[in-house]
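Visitor: I'd like to go through the side-chain packing in this one. Can we start with the rings?

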Amino acid sequence: MGRQVVSLLDAVRRLRDAAPDVIGRPRVIAIDGRGGAGKTTLAERLREVVPGSAIVHTDDIAWNHAYFDWGTLLLENILRPLHRGEAVDFRPEAWTTHGRPGSITVPAGADYVWVEGTGIIRRELAPWLDASVWIQGDLDEQERLLVARDGDSPEQLAHVASWLQEELPFLLREQPWARATMIVAGYSLIDHDPETELVVAPPTA
């Protein structure tokens, strides 16, 4: 079976059915993909169609901490409380050190929590994720989107180069696309409404 267009609600149903026995806590669903693939946009659209759901951005966990070495921080302060059915109110140490206000919050009673960010589908976190989405993107399109979003200053280009030195080996080691519940085509020529529909690709080996 090739690529097919599904509604956002149908995608949510498929992800829900991957963990039908979740009771007393939110379903924790990961959204992964390379930088610029559209993870945040997809998470926001899913939150809009699922009232009472919440989003956690791994960029907030990683902020001034590390590109990818944040698995334990996420597990202990976000995923474990969610699995206990508790609210989350976590202020990372780096936020305090660098004067960033606020905290990462998830209210009690959320039905779904979308955890989005590059590197969230990893082996060490697999037991804590109920379902997952890998966004398969077009590399040239992702690079264009990153420049449009973050600019092309020398400082930003240096940041991207540093990021890629860690991103590529990490993804090749973890191969999140091979374990994802659903593969979404982040860039597709198939006619669909990107506001309400997704193009779902067959599983990738």
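Visitor: How many aromatic pairs are there?
Guide: The count comes to three aromatic pairs. Keep in mind that this is a predicted model. In one of the pairs, F68 and F170 have ring centres 4.6 Å apart and planes at 10 degrees; stacked means under 30 degrees, so this pair is stacked.

Visitor: Which parts does the F68 and F170 pair tie together?
Guide: F68 is in the loop between α3 (58–62) and α4 (71–83), while F170 belongs to helix α7 (residues 154–174), so the pair links parts 102 residues apart in sequence.

Visitor: Are those two buried or exposed?
Guide: F68 and F170 are both buried.

Visitor: And W134 with W177, what is the geometry there?
Guide: That aromatic pair is edge-to-face, with 5.4 Å from centre to centre and 65 degrees between the planes. W134 lies in strand β7 and W177 in the loop between α7 and β8 (182–185), so parts 43 residues apart in sequence are tied together.

Visitor: Why does W177 count as buried?
Guide: Its relative accessibility is 17%, and buried means under 20%. W134 is buried as well, at 3%.

Visitor: Switching to charges. Where does R122 lie relative to W70?
Guide: R122 lies over the face of W70, 4.1 Å from the ring centre. R122 itself is in the loop between β6 (112–116) and β7 (131–136).

Visitor: What else does R122 touch?
Guide: Beyond four places in sequence, the contacts of R122 include F68, F170 and E174.

Visitor: Which ring does R100 sit over?
Guide: The ring of W95, with the charged end of R100 3.8 Å from its centre.

Key. Residues are numbered from 1 along each chain as its sequence is written. This is a predicted model: local features need pLDDT of at least 70, side-chain atom pairs count only at pLDDT 80 or more; totals for chains, interfaces and linings use all residues. Side-chain values use heavy atoms; hydrogens and water are left out. Helices (H or I, at least four residues) and strands (E, at least two) are DSSP runs, numbered from the N terminus. Contact means heavy atoms within 4.5 Å. Rings of Phe, Tyr and Trp (its six-membered ring) pair if their centres lie within 6.5 Å; planes under 30 degrees apart count as stacked, over 60 as edge-to-face and the rest as tilted. Buried means under 20% relative accessible area, exposed over 50%, partly exposed in between (1.4 Å probe, protein chains only). A charge sits over a ring if NZ of Lys or CZ of Arg is within 6 Å of the ring centre and within 35 degrees of the ring normal.
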